Amino acid sequence: MKRTYAVLALIAVTLSCLQTLYAQSEIEVGVRFGLAGNALHRFQSVDGGGSSEGRLSMLTGVRLGYGLTERLTLVSGLDYARHNLTMVSAPMPEQHRTDGRITTLSLPLVVEWNVGRWFFIQGGPSIDIQPEKWESVDSQGGIGFSVGVGGRYALGNWSLSLTPTVKQYALIPFNKEKYHQRLMTAGAVVTVGYRF
């Protein structure tokens, strides 16, 4: 619980610092919505253990972008995601299936590189917390990483972007387990933004 409060305090301080930076330069504020497929995996193989079946992940959040240069933008914000999964037990003596979900709150810190007028490449780490524990799955709280390639259409100060993205949760977990399960998502995020 103390770790959750520490992460929330870090998020608040980071957003406060970013707000100070944004007051001095061009900023973009936006809302994000995304859908993705998901899967749990381990970095080591485990013989005879249970497995999982990925289903759908849904994301919503706010985006804050700070223009470092004409081509580089530092992006942060806050994302809430729900990841639906089915856990399948080991086949001894009977196999059981359990449906459930993992919810995550994420504070990304992404660098976006504008390639030409319409396209961009982005990537960077995020601090992820999992507010509620699901006993069937290891905690996804930790430092994750995402990468994406997208396109943007701007009309005046408004913009609409579509970004196919891959994200790895718990690349560095806060509470590491033996044979830690890690969540990976792959999908697309739509962002509606306004540039000041």
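Guide: Helices (H or I, at least four residues) and strands (E, at least two) are DSSP runs, numbered from the N terminus. This is a predicted model, where local features need pLDDT of at least 70, side-chain atom pairs count only at pLDDT 80 or more, and totals for chains, interfaces and linings use all residues. Residues are numbered from 1 along each chain as its sequence is written, and side-chain values use heavy atoms, leaving out hydrogens and water.

Visitor: Where is the place of asparagine 114?

Guide: Let's look along the chain. Residues 110-115 form a strand, and asparagine 114 lies within that run. The element asked for is strand 5.

Visitor: Is asparagine 114 buried or exposed?

Guide: Buried means under 20% relative accessible area, exposed over 50%, partly exposed in between (1.4 Å probe, protein chains only). Asparagine 114 has a relative accessible area of 13%, so this residue is buried.

Visitor: Which side chain does a polar contact of 3.3 Å join to that of asparagine 114?

Guide: A polar contact is a pair of N or O atoms within 3.5 Å; within protein, one must be able to donate a hydrogen and the other to accept it, and residues adjacent in sequence count only if both atoms are side-chain atoms. At 3.3 Å, the partner of asparagine 114 is arginine 152.

Visitor: How many bridges join strand 6 to strand 7?

Guide: Two strands pair if DSSP finds at least two bridges between them. Phenylalanine 120 stands opposite glycine 150 in strand 7. Strand 6 and strand 7 run antiparallel, and the number of bridges joining them is 10.

Visitor: In strand 6, which residue is the bridge partner of tryptophan 113?

Guide: Strand 5 and strand 6 pair in the antiparallel sense, over five bridges. Across in strand 6, tryptophan 113 has as its bridge partner isoleucine 121.
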